[in-house]
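Look at the sequence and the model first.

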Amino acid sequence: MPERCSECGQKMEIELGFYYGTGYVSYALSVAIAIFNFVWYTVLVGFSWQDNSIWYYLGITITMLVLLQPWLMRMSRVLYLYMFVKYNSNKSAPAPVNKMP
Ligand SMILES: [Zn+2]
């Protein structure tokens, strides 16, 4: 991750340990993907106690989450920055002041 944004100069690491909270964002995204998979799997395949459908669902979901992990990490950092850094439409103005408590 670069130290500052190449476009606006916003500092990326706002404070030490700023990105610890992204674990919760990443977790929320993972649960959302698992629920999304559950919905389409229920509609297209369906769950039954008579076959291994639950294991296929878990296999698909776990494989997907492992493969998407690099994207999930980056996306959770972006969402975290969106939560805490105010958008500044005036590019020539100084970088926005950090609003963290
Ligand atoms: Zn920027």
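H1 and H3 cross in a right-handed sense; a crossing is right-handed if the near helix is turned clockwise from the far one by less than a right angle, and left-handed if anticlockwise. This is a predicted model: local features need pLDDT of at least 70, side-chain atom pairs count only at pLDDT 80 or more, and totals for chains, interfaces and linings use all residues. Residues are numbered from 1 along each chain as its sequence is written.

**H1 against H3**
- Helix H1 spans residues 22-44 and helix H3 residues 69-84. Helices (H or I, at least four residues) and strands (E, at least two) are DSSP runs, numbered from the N terminus.
- The axes of H1 and H3 lie 8 Å apart, at an angle of about 120°. Axes are lines fitted to C-alpha atoms, for helices over the stretch in contact, and angles run from 0 to 180 degrees between N-to-C directions.
- H1 and H3 are therefore oblique to each other (under 35 degrees is roughly parallel, over 145 roughly antiparallel, 65 to 115 roughly perpendicular, the rest oblique).
- Thr22, Val25, Ser26, Leu29 and Ser30 of H1 meet Leu72, Met73, Met75, Ser76, Arg77, Leu79 and Tyr80 of H3. Contact means C-beta atoms, placed from the backbone, within 7 Å.
- Seven residues of the contact of H1 with H3 are nonpolar, four polar and one charged. Ala, Val, Leu, Ile, Met, Phe, Trp, Tyr, Cys and Pro count as nonpolar, Asp, Glu, Lys and Arg as charged, and the others, Gly among them, as polar.

**H1 against H2**
- Helix H2 covers residues 53-67. H1 and H2 pack at about 145°, with axes 10 Å apart.
- The crossing of H1 and H2 is right-handed.
- H1 contributes Ser30, Ile33, Ala34, Asn37, Phe38 and Tyr41; H2 contributes Tyr57, Ile60, Thr61, Met64 and Leu65.
- The contact of H1 with H2 holds eight nonpolar, three polar and no charged residues.

- H1 is hardly covered: two of its 23 residues are buried. Buried means 20 or more other C-beta atoms within 10 Å of a residue's own, exposed 12 or fewer, partly exposed in between; C-beta atoms are placed from the backbone.
- Tyr20 sits in the segment before H1. Tyr20 counts as exposed because it has 9 C-beta neighbours inside 10 Å.
- Tyr20 and Arg77 are 57 residues apart in sequence, yet 9.7 Å apart in space, C-alpha to C-alpha.

**Whole protein**
- The protein has three helices and zero strands.
- Of its 101 residues, 5% are buried.

Key
Two residues are in contact if their C-beta atoms, placed from the backbone, lie within 7 Å.
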